[in-house]
Amino acid sequence: MTMSAGWYLRRLSRMGPQEVVGRAGDAVRRRRWRTAHPVCPTVTDARFTAVLPAGTVAAIAPDAAKRLVAEADRLMYGHIEFFGMVRDDLVDPDWWYDPKTGRRAPFGYSFGVPYRDEEAVGDIKQIWELSRHQYLTVLAAAYAVTGDDRYAERVADHLRSWWAANPPLRGVHWISGIELGIRLLSWVWVRRLLDGWPGAAELFEENPVAVHQIWHHQRWLAAFPSRGSSANNHVIAEAAGQLAAACAFDWFPASARWRAAALRSLERNLRANTFLSGINRELASEYHGLVLELGLAALAEADASDVPVPATVRLVLLRMTDALAAVVDNRLRPPRQGDADDGHGLVVDGAGTDRWGSLLATGDAVFGRLDWWPEVTGTDVRTPLLAALIKPGALSASRPARRPDHFADAGLTILRGPEEIWCRCDGGPHGFLSIAAHAHADALSVEVRHDGVDVLADPGTYCYHGQPAWRQYFRSTLGHNTLQLDGSDQSVSGGPFLWTRHAGTRVLVADTTGAVARWTAEHDGYQESVHRRQVELDAESGELTVSDEVRGPARSVRLAFHLGPAVSADLTGRRARLSWTRDGEERSAVLDLPEGLTWQAHRGESEPPLGWYSAGFGRKEPATTLIGTGTRTADGTDGFTTVLRFDG
């Protein structure tokens, strides 16, 4: 996908004057660096001292260590999967190759590579992901656990290969700050985890190529920070990587300046990216996880190097952790809200480790769990490693005495019922900053789960670049459990990461204390017409009622209910009988759909896309979507009532 002149004009219109000036300066610097590269200063007597305390590795639970080693062995055999693509070329990888399209990115000055053009470069996500080097942190962790030199030697071979193939400012791996930031964080942990290996110093601080790479990464991040309307999770990754490297690789004249600037950026942008309630402002659950992982990793580096950290950094991370504990379902799954691209901050665990349980375990170790937190029964490698570096300390912060269920600033409400019924109601802002890059047109949508199974599901994200029809579908109004008027999205898209008009939503009622939990909200995305929705959950029976009201001149109506991939549906008239299996037990429910609409089931359709579920980035599978269509004949008010009853 290449961007048109119209896209650039729309993008420019979402920037403020300060951002425009900053980006103009970036453009001048990029042009200058094409012919006059920055020069790394001479470094002598570099040492690595940010090691793990004695006994840290021994504290890793045996089952977590077993999963880690099994994952490392798969990597040693050359096997890895990124975004649904299984690769077996990891023994000697081509760092610029995209296995999805079979294309290889062109060489040249990094800022001249058309990385958004899949025809010229391939799928950039596939190319970038390997070079985050998070699989190398897994191999390095396996070395730390086992002492087996094979893992360390493979890490060393791959780092030397990458450094040779990717000199500073050449090729696709020097384009995006988030990639450089996460890669730096990986390198810090690789060096730390390989500390007992005899070749560690020779690979890093005694290796001029490594020293130059580390310096150029930090110089790049200092020169090209994400700005203004782009200061979302990317700027957190940039600051976390820069802070980690400036603490652990404190070898350069600019290290102290970079460290101070990164810490200021981290503190400022963690606050800016997080509601006071602790919910991430992008309103995209996976980015909440990514930012929390990055923030905890950055805190660990600062504490390990005795760098004072503002109390607000710990406070934001504490609030984010409490918010995560509050919103997960009984299986520790958070909402599937907004964009998701499987991004992680620090990876040292094997397959089968629960990401969200791991984050809550780290939160428990660092901040202490509250009585209402859900129980975490799994184990992980990352928690004891981070907890060994992060300094304990009391925060003068008020924490929730009971489990929060309504986050007013984020417009997020969780209704809970018997038999582990979980319902998320969306009445929040349309994303973050002026472009709302990772938002979906999902105002007033609901998600419903029964014992962790998606019954009424958020279909997910699937893709970013290269497949515009699929990108549009998965973030459209029709692609969510809400109501579409006159065939339009509630918010207006200006491109794959750009919204030019944002629906305004307000929550009118959020009462979860009575025998019937009740939530009511409305939005103005259709301008002259208003969509209001009320959701009621009976605390005793578990019956869920969704009442939609339309006021104004809109003529056509489409109401969508997307079922999870495990749910089968038998639609007769306006009644759908739902069935699924959980842990070998048959479960069922009845969905009574509104009168006045004609109902049809769709599954796995491609032209146009309809009836799909994406469990993770780059992966999709058919799932049933129920669509009710109708026509309004006059201005006024129309109502549509849906009832979901779970069988006992």
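The dialogue below goes through a predicted protein model and the definitions behind its labels.

Colleague: What rules apply to numbering and confidence?

Modeller: Residues count from 1 along each chain as its sequence is written, and in this predicted model local features need pLDDT of at least 70, side-chain atom pairs count only at pLDDT 80 or more, and totals for chains, interfaces and linings use all residues. Side-chain values use heavy atoms, with hydrogens and water left out.

Colleague: How many helices and strands does the protein chain have?

Modeller: The protein chain has 17 helices and 25 strands. Both are DSSP runs, numbered from the N terminus: helices are H or I with at least four residues, strands are E with at least two.

Colleague: How do you know what radius of gyration to expect from 648 residues?

Modeller: The globule rule is 2.2 Å times the number of residues to the power 0.38, and the radius is taken over C-alpha atoms. For 648 residues a compact globule would come near 26 Å. The protein chain has 25 Å, so the value agrees. Along the principal axes, its C-alpha atoms fill a box of roughly 80 × 55 × 45 Å.

Colleague: What share of the residues is buried?

Modeller: Buried residues are 59% of the 648. The label means under 20% relative accessible area; exposed means over 50%, and partly exposed lies in between (1.4 Å probe, protein chains only).

Colleague: What share of the contacts joins residues at least 24 apart?

Modeller: It is 72%, among contacts between residues at least 6 apart in sequence. A contact means heavy atoms within 4.5 Å.

Colleague: Which residues touch the most other members of the largest nonpolar core?

Modeller: Leu 194 and Phe 249 do, in a core of 143 residues. A nonpolar core is a set of buried Ala, Val, Leu, Ile, Met, Phe, Trp, Tyr and Cys residues joined through side-chain atoms within 4.5 Å. Leaving aside residues up to four places away in sequence, Leu 194 touches Ala 140, Tyr 143, Ala 152, Val 155, Ala 200 and Leu 203.

Colleague: Why is Ala 388 called partly exposed?

Modeller: Ala 388 is in H16. Its relative accessibility is 29%, so Ala 388 counts as partly exposed. Beyond residues up to four places away in sequence, Ala 388 touches Pro 53 and Thr 56. Its C-alpha is 9.4 Å from that of Val 366, 22 residues apart along the chain.

Colleague: Why is Asn 269 called buried?

Modeller: Its relative accessible area is 8%, so Asn 269 is buried. Asn 269 sits in helix H12 (residues 255-272). Residues up to four places away aside, Asn 269 touches Ala 231, Val 235 and Ile 236.

Colleague: Is Leu 332 buried or exposed?

Modeller: Leu 332 has 10% relative accessibility, so the label is buried. Leu 332 lies in the loop between helix H14 (311-327) and H15. Its phi is near 65°, positive in a residue other than glycine.

Colleague: Why is Asp 486 called partly exposed?

Modeller: Its relative accessible area is 43%, so Asp 486 is partly exposed. Asp 486 is in the loop between strand S8 (483-485) and strand S9 (492-495). Phi of Asp 486 is near 50°, again a positive value in a residue other than glycine.

Colleague: What makes Gly 639 count as exposed?

Modeller: Gly 639 has 56% relative accessibility, so the label is exposed. Gly 639 belongs to strand S25 (residues 637-646). Not counting residues up to four places away, Gly 639 touches Asp 548 and Glu 549. Gly 639 and Leu 75 are 564 residues apart in sequence and 55 Å apart in space, C-alpha to C-alpha.

Colleague: Where is the cis peptide bond between Glu 607 and Pro 608?

Modeller: Pro 608 is in the loop between strand S20 (605-606) and strand S21 (609-610). Omega of the bond is about -5°.
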